[in-house]
Amino acid sequence: MLRTDWTLAEVTALYHQPVLQLVTQAAAVHQQHQTTGEVQVCTLLSVKTGGCPEDCAYCPQAARYHTGVSAHKLLPDAEVLAAARRAQEAGSTRFCMGAAWREIRDNRDFDRVLHMVEQVNGLGLEVCCTLGMLNEYQAERLKQAGLHAYNHNLDTSAEHYGEIITTRTYDDRLNTLEHVRKAGLSVCSGGIIGLGETDVDRVAMLHTLATLPAHPESVPVNALVPVAGTPLAEQPRVSVWEMLRMIATARILMPTTMVRLSAGRQEMPVTEQALCFLAGANSIFSGEKLLTTPNPGFDEDQQMFALLGLTARKSFKHAPEGATVLTSAAVEA
């Protein structure tokens, strides 16, 4: 039975085990609850880049920072659909669309995103969006359009949050997750390490995720990719041992969740990524960019899969009740 009543002391004790003991325990939980060697391959496309009014200290898309990221409006539908087809042909089964918005507004841009969701869902891909804060009505509209999952990361602990972001509150993020869950969408929520937080903050964030009313179906574990021009540009690279602790602890706390090895993979050799898969990671983003930062390409990941004996998880393997699944016949050629 899945637990959502973990105590902070229990999570702390898990996290601080000797790292090999922690990874061994996580691998056993992973084998019990997941299909060994199966990895969900996702692709993330920025459908609207830059110009964001938020002050997230890690983000090159914040308008207040000078990072060299050029702002652009929503991509044309045809360009998004072509990118989704390329991702599918390369082996992705989940396609995520991100827009640099603080929150969704009920306007023509949102209507266009809804149409993009319908079109990509028609290819048979799991469709995920990350569009900022949203209300219950907007979550319902996304679900009706065929959205499978919604991403809204906590980023860090409640205690450290104010050091990273001041333009929205931690409760704002939790409220968005509640709206996503109420709409019957799959919840994707994780965080970033390397923001200057402590182990106490990392444990607190994992505790928050694992004690939500229901575990998120997907938990991305991101290592900060420092970008020149942001307040965190000089942060040191996160080590593989730190990633292993986060991934392994997340796997033990949330056995049926997809634990995604996300940002920072570009700097990790295959040997380090293999350790993360052993510790319970079973999802990655593949493709040359994660919104605006570098990421391993499809060919590179296919070579890694062949070397490690990994296979791609099929779309909609465990779709939430009531999920809308269309067929490719629903999409115009």
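Visitor: At what angle do helix H1 and helix H9 pack?
Guide: About 135°, with the axes 9 Å apart. This is a predicted model, by the way. H1 covers residues 8-15 and H9 covers residues 240-253.

Visitor: What do you call that arrangement of H1 and H9?
Guide: Oblique: angles over 145 degrees would count as roughly antiparallel, and 65 to 115 as roughly perpendicular, so H1 and H9 are oblique to each other.

Visitor: And is the crossing of H1 and H9 right-handed or left-handed?
Guide: Right-handed. On the H1 side, the contact comes from Val 11, Leu 14 and Tyr 15. H9 brings Arg 245, Met 246, Thr 249, Ile 252 and Leu 253.

Visitor: How many nonpolar, polar and charged residues is that for H1 with H9?
Guide: By class, you get 6 nonpolar, 1 polar and 1 charged.

Visitor: Okay, switching to H8. How many residues does it have, and how far does it reach?
Guide: H8 (residues 199-210) has 12 residues and spans 16 Å from first C-alpha to last, close to the 16 Å expected.

Visitor: Is H8 mostly covered or mostly uncovered?
Guide: Mostly covered, with 9 of its 12 residues buried. Among them are Asp 201, Arg 202, Met 205 and His 207.

Visitor: What covers the buried residues of H8?
Guide: The cover includes H1 and H9 again, plus helices H6 and H7 and strands S6 and S7.

Visitor: What about Val 200, buried or exposed?
Guide: Val 200 sits in H8, and its relative accessibility is 63%, so it counts as exposed, the cut-off being over 50%. Its C-alpha is 8.6 Å from that of Ser 157, 43 residues apart along the chain.

Conventions:
Residues numbered from 1 in each chain as written. Predicted model: local features only at pLDDT ≥ 70, side-chain atom pairs only at ≥ 80, totals over all residues. Heavy atoms only, no water. Axes fitted to C-alpha atoms, helices over the stretch in contact; angles between N-to-C directions. Helix = DSSP H or I, 4+ residues; strand = E, 2+ residues; numbered from the N terminus. Parallel < 35°, antiparallel > 145°, perpendicular 65-115°, else oblique. Left-handed = near helix turned anticlockwise from the far one by under 90°. Contact = heavy atoms within 4.5 Å. Nonpolar A, V, L, I, M, F, W, Y, C, P; charged D, E, K, R; others polar. Expected span 1.5 Å × (residues − 1). Buried < 20%, exposed > 50% of the residue type's maximum accessible area, 1.4 Å probe, protein only.
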